[in-house]
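Look at the structure first, then read the points below.

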2 protein chains.
Amino acid sequence: MAKEIAKVKKYDVFERVFSGRTDGNPFVDYDIKAVFESDGERKEVTGFYDGDGNYVIRFMPSFEGEYRYTVRGSFSDTEYTGILKVTPADRNNHGPVRVRNRFHFAYDDGTPYYSVGTTCYVWELRDDKLIDETLKSLKKAGFNKIRFCIFPKHYVYNLDEPRSYPFEGTPVGSYLLTPENFMEYDYRTTGNNWDFERFNPGHFRHIEKCIRALKKIGVEADLIVFHPYDRWGFSNLERNVEIRYMNYIINRFSAFSNVWWSMANEFDILPNRDDSVWDFYGNFFLEHDPYNHLRSIHNCLRLFDHNASWITHVSYQRMDLYKTAEDTDGLRERYQKPVVLDEIAYEGNIQCGWGDITGEEMVRRFWEGAMRGGYPGHGETFLDKEGILWWSHGGKLKGESWKRVKFLRSILNDTPGLGLKKVRAEWDCVTAVCEDDAFEEETGYRIDYFSFMRPGFREFNMKDGCDYTVEVIDTWNMTLTKAGTFNGKFKIELPGRPYMAIRLKKAKF
Amino acid sequence: MAKEIAKVKKYDVFERVFSGRTDGNPFVDYDIKAVFESDGERKEVTGFYDGDGNYVIRFMPSFEGEYRYTVRGSFSDTEYTGILKVTPADRNNHGPVRVRNRFHFAYDDGTPYYSVGTTCYVWELRDDKLIDETLKSLKKAGFNKIRFCIFPKHYVYNLDEPRSYPFEGTPVGSYLLTPENFMEYDYRTTGNNWDFERFNPGHFRHIEKCIRALKKIGVEADLIVFHPYDRWGFSNLERNVEIRYMNYIINRFSAFSNVWWSMANEFDILPNRDDSVWDFYGNFFLEHDPYNHLRSIHNCLRLFDHNASWITHVSYQRMDLYKTAEDTDGLRERYQKPVVLDEIAYEGNIQCGWGDITGEEMVRRFWEGAMRGGYPGHGETFLDKEGILWWSHGGKLKGESWKRVKFLRSILNDTPGLGLKKVRAEWDCVTAVCEDDAFEEETGYRIDYFSFMRPGFREFNMKDGCDYTVEVIDTWNMTLTKAGTFNGKFKIELPGRPYMAIRLKKAKF
């Protein structure tokens, strides 16, 4: 029996490594569990085998003060106990993101979180130099979420081997693949050689490093658990292997406050599973993740039934070529959950319709979604000589939309209370008000967004006798111009360009 | 009994004026009818009272050769007969436009008619100078259809009095109207003073002059019979007055080959009539118009049931702010009739969502509609110091879309056979082929349109072993660039701008 006293900040990761048994297959044969108790909470957590005889327990405290803990399991005959002193959180660490105000998000400490995300599917499986560049770009752009895969990706512009694999073994290699033949590749008939009973701890250790680096710059890690773009057989594992894998990532990753679980990218094109499998897996996360991180499932052609109680928010890939973010308010209405538009096509110029929209259209989709009370996601797919497309590999941002997305985020941060919603005001613009406002009363805060339209002016008729300060927002040129203070009937001049908005605030607001 | 020998060209208007009774009310009390007979056809036509004791018979022959005719009626005790020698049609007169190939149009002589229309609601009720300017603009732009009203229009940017009125009487005048109060105006409580039993022949004579002028420059006159934008009481006449009016315009206008009947603009917001009234009126035109001109009915919020047999083609005002011309193929499928998109918003910068889209978006909607086998319509609503907005008053074209619409018309004229249709080729572009082609065979002619997307290249895989000549179309910059001749698998480079298309033709095509 060994006792330790340790210190950790609230929402940070407390970690203890124990030596344990190495005979047999430690990934399968032994377990390690701990209980953490304080006046604020009691949590049971499961640890994991990290190779080299090392068993690891991680814990993220949600309360300040003193925790007692006990560690036991078949990994060792010894039982460990200890004291953990939890000090106040770092100024920049607000804890995990939670659903708040039904359609919106806030960090655990109540700080509003306006999701402005991007997607770089396997940025973390590239070399250190590129990873570093991606992190710099993320910080510069002000994104606060990134979606990426734990498994490597095989797809157009994704034919390179990843830096590591989740399992022990050797891949067949990519030397025979070309952009022309890659779609015909069948992992079942090629020479991949994996031991699905043994994880490759280095793969996960590296991903943790990336999760930590994201946390440092305020970016949530929206981890894609399963996905279909595969040449290694990872999209079609045996169920027991998949369950062991889910356990492993829960036990390794869940103590990181910035983790989200995306059960799948394009769940509906993964082989050999019906919706009940996803329900089982989603509930598995609900039951086993001690911190209740956000859980979602992303579609290709068919939306998953988002009424499922394990789903915390809608993760939407647009279902139509033309109307994308315009679906936001319908999805809110239907599922009564936050709507994250994780895929509304990417700014770029590749040959595919999902990766060839303009910066203007991308920003328009962001504003459409945001003004309807949802959270659109970004991505870039520009043709590149080196094959470094942001959407999969990260690197440098080349487009025009990311700057404007940052501007939108600053506008969202101005929202009084938490979150916007669309109200029916005029038929030909999207009018956003505060989630908690009743528009009938014309309270406080209002943004009218004109999208691709370009009215030369707009008229208002505010009946409550209050003064309103009015600003004209150019969402493309990123300017906010004071128009003046008005009440009753008034007219606001606009420059006759698309992508404009008008913001009203009660003068005493 | 008086006999005359006259000459007229096929599809032109033969007209004879007779003196007749003037006691009582000639508009109501007397009739004049004629029968025209040749080897090709036998037509009964009704004439009309033109004021000053003049009764007029008009006839448009559809065959060359000799017609005999007889004129009789209560207008006179005399019966008139005559011989009409019909000579070949003018080189530029192809007769009335008919539905051909189910979803398309051709002139009566078989010449394809690709409708590229515009809307100027009351252009013909302005002064001569402006009318002349409108005609010049129409010619320059190459439009071949214009929608306009027989009754004057009362609406925003439409507060001036028209040059004339359809009935005898005096209007209350517009001196008290402002852009702020005009919507509250109620013709029922103001001083309009009309004799609805007496038409004002000058009003109709002037419109005929305009119809003739349009014919001269190859423009179809899509006449709006009823519409709701009214301060004179013309939108809510007694049924018997409306029937007398329909008779009058049929008898005056139908001999002009370029007439189309639009039963209503926004039928669903005209007061006091349910759909059975429209069916009755539509069938009235079907039965009384001897030339069977095209008949349609235009919607505001709700589409009329276009299965009605009197409707020759769909006249569509878009039902959604975002998807407009994209509805074309669905409407074709549903009604099995040509689809004319008479209102898909207007290029302009006024304060209203129906009149503030960019030239780019207008042209995009044209191509979307045209590549789906439909016929989009144009309009312009630019703020103007003189209040001359093309959409109502004509004048000069100020926008950017009209030039590109002319370019599109030249592309449509290249279509082999008659008409395009959309086929399912790739999910992320609109692929048009000839209406009579089965795409499975990949015959002949094909246009892939990329809309707002901007792929850097596209790949093709033509399996029939034929050579294809490939051209890149820039729909905005109006260029057609040869890419070369290809077969089998090939790749076509694109400039990475929106609004591009690729056209394929079989080399021996």
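Two strands pair if DSSP finds at least two bridges between them. Helices (H or I, at least four residues) and strands (E, at least two) are DSSP runs, numbered from the N terminus. This is a predicted model: local features need pLDDT of at least 70, side-chain atom pairs count only at pLDDT 80 or more, and totals for chains, interfaces and linings use all residues. Residues are numbered from 1 along each chain as its sequence is written, and chains are lettered from A and ligands numbered from 1 in the order in which they are written.

**A sheet in chain B**
- An open sheet of 8 strands runs in the order β18-β17-β16-β13-β12-β22-β20-β19 (chain B), with parallel pairing.
- β18 (295–296) and β19 (314–317) of chain B are at the edges with a single partner strand each, so one side of each has no neighbour in the sheet.
- Strands β20 (residues 339–343) and β22 (residues 375–378) of chain B pair in the parallel sense over 2 bridges.
- B:L341 sits opposite B:P376 in β22(B).

**Domains in chain A**
- The assignment (automatic or from a database) gives chain A domain 1 (2–87), domain 2 (114–413) and domain 3 (426–506).
- The centres of domain 1 and domain 2 of chain A, taken over C-alpha atoms, are 30 Å apart.
- Their contact (C-beta atoms, placed from the backbone, within 7 Å) takes 16 residues from domain 1 of chain A and 12 residues from domain 2 of chain A.
- On the domain 1 side of this contact, β4(A) gives the largest share, 4 residues.

**Between the chains**
- The contact takes 26 residues from chain B and 27 residues from chain A.
- Strand β27 (residues 457–461) of chain B gives the most to the chain B side, with 3 residues.

Note on methods
Contact = placed C-beta atoms within 7 Å.
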